Amino acid sequence: MERREFLGAVAAAALATPALAEERQHSMHPAKYKALQDASGHCLAAANDCLRHCVGMLAMKDLSMSGCVNTATQVAAACGALQTLAALNSPAVPAFAKATEEICLACQKACEKFPETAECKACAESCRACAEECRKAAA
């Protein structure tokens, strides 16, 4: 076997191996809560963006969004944990999703008070979507 043939064979094997491993992994252990995992991850990111904005406002001595700091912090904590539980197909997902739904709805309500702020608007939308996925998982 010549060097070029060898390198070509090694490259082909390297490219094929992850695809085969991924295919096997999906068929052996399917994600039971994939939509919830994605929604909670998106909600976590939006809550962190909202928190950054709120903390910036607090640093400017503007207390108008102080309520959002509390709800967004709770959402970040709950959605981070829920994303992990959903990824693991944990049997605790339905109960945890029910509690997280309530937290997301409270945050959505708080963020909707600031529709002109992009971070708050995005957080409210993410919380609404996550609460909906939580409701489905908790049923």
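Biologist: Just after α3, which residue takes a positive phi?

Modeller: This is a predicted model, in which local features need pLDDT of at least 70 and side-chain atom pairs count only at pLDDT 80 or more, while totals for chains, interfaces and linings use all residues. Residues are numbered from 1 along each chain as its sequence is written, and side-chain values use heavy atoms, with hydrogens and water left out. Helices (H or I, at least four residues) and strands (E, at least two) are DSSP runs, numbered from the N terminus. The phi angle is about 55 degrees, and the residue that takes it, just after α3, is N89.

Biologist: How far apart are the end C-alpha atoms of α3?

Modeller: The expected span of a helix is 1.5 Å times one less than its number of residues. For the 22 residues of α3 that gives 32 Å, and the model agrees, because its end C-alpha atoms are apart by 32 Å.

Biologist: What covers the buried residues of α3?

Modeller: Buried means under 20% relative accessible area, exposed over 50%, and partly exposed in between (1.4 Å probe, protein chains only). The buried residues of α3 include C68, V75, A78, C79 and L82. Their cover includes α2, α4 and α5.

Biologist: Which residues is T100 in contact with, leaving aside its neighbours within four places in sequence?

Modeller: T100 lies in helix α4 (residues 93-111). T100 has a relative accessible area of 1%, so it counts as buried. Contact means heavy atoms within 4.5 Å. With those neighbours left aside, the residues that T100 touches are A78, C79, L82 and C134.

Biologist: Which backbone oxygen does the side chain of T100 reach?

Modeller: A polar contact is a pair of N or O atoms within 3.5 Å; within protein, one must be able to donate a hydrogen and the other to accept it, and residues adjacent in sequence count only if both atoms are side-chain atoms. The T100 side chain reaches a backbone oxygen at 2.9 Å, that of F96.

Biologist: How far from C111 is the nearest cysteine sulfur?

Modeller: C111 is buried, at 1% relative accessibility. C111 is in no disulfide, and the nearest cysteine sulfur is that of C123, at 3.8 Å.

Biologist: Is K136 buried or exposed, or in between?

Modeller: K136 is found in helix α5. The K136 side chain makes a polar contact of 3.2 Å with that of E133. The relative accessible area of K136 is 48%, so the class is partly exposed.

Biologist: What covers the buried residues of α5?

Modeller: Helix α5 (residues 118-138) has 21 residues. Among its buried residues are C120, C123, C127, C130 and C134. The cover over the buried residues includes α2 (34-59), α3 (66-87) and α4.

Biologist: What pattern does the chain follow, read along the sequence?

Modeller: The secondary structure comes to five helices and zero strands. Of the 139 residues, 33% count as buried. Read along the sequence, the pattern is α-α-α-α-α.

Conventions
Disulfide = S-S within 2.5 Å.
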